Amino acid sequence: MLPVLAFVLTLAGCGLLYLSHRHQGWLRQPLPAVPARTGGGALLLLALLCAHFCFSPLTALFAWLAMQMLVFGLLPFFSLLRPRHE
């Protein structure tokens, strides 16, 4: 159960960080920077803590970083799937 929670927290944290950036493509206006980035960072640290309880410390760190690289690499492309009605 904790690995799934770590996965979901990582996705949510990366999503908040991405949506607070001015060049994000999902929303018309980015989320307010300070609360969204603080919340995203907190979710990422909580995800690392959950992963640390499931795996060895090096495995948890590697999986956490690899997940972030994957999510941050794919998030910008999901905006291309949305139909544009502007």
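A disulfide is a pair of cysteine sulfur atoms within 2.5 Å. This is a predicted model, where local features need pLDDT of at least 70, side-chain atom pairs count only at pLDDT 80 or more, and totals for chains, interfaces and linings use all residues. Residues are numbered from 1 along each chain as its sequence is written, and side-chain values use heavy atoms, with hydrogens and water left out.

Q: How many disulfides does the structure hold?
A: It holds 0 disulfides.

Q: Why is Cys14 called buried?
A: Buried means under 20% relative accessible area, exposed over 50%, partly exposed in between (1.4 Å probe, protein chains only). Cys14 has 0% relative accessibility, so it counts as buried.

Q: What makes Cys54 partly exposed?
A: Its relative accessible area is 28%, so Cys54 is partly exposed.

Q: Why are H2 and H3 called oblique to each other?
A: Helices (H or I, at least four residues) are DSSP runs, numbered from the N terminus. Axes are lines fitted to C-alpha atoms over the stretch in contact, and angles run from 0 to 180 degrees between N-to-C directions. The axes of H2 (residues 33-54) and H3 (residues 57-78) cross at roughly 140 degrees. Angles under 35 degrees count as roughly parallel, over 145 as roughly antiparallel, 65 to 115 as roughly perpendicular and the rest as oblique. H2 and H3 are therefore oblique.

Notes:
Helix = DSSP H or I, 4+ residues; strand = E, 2+ residues; numbered from the N terminus.
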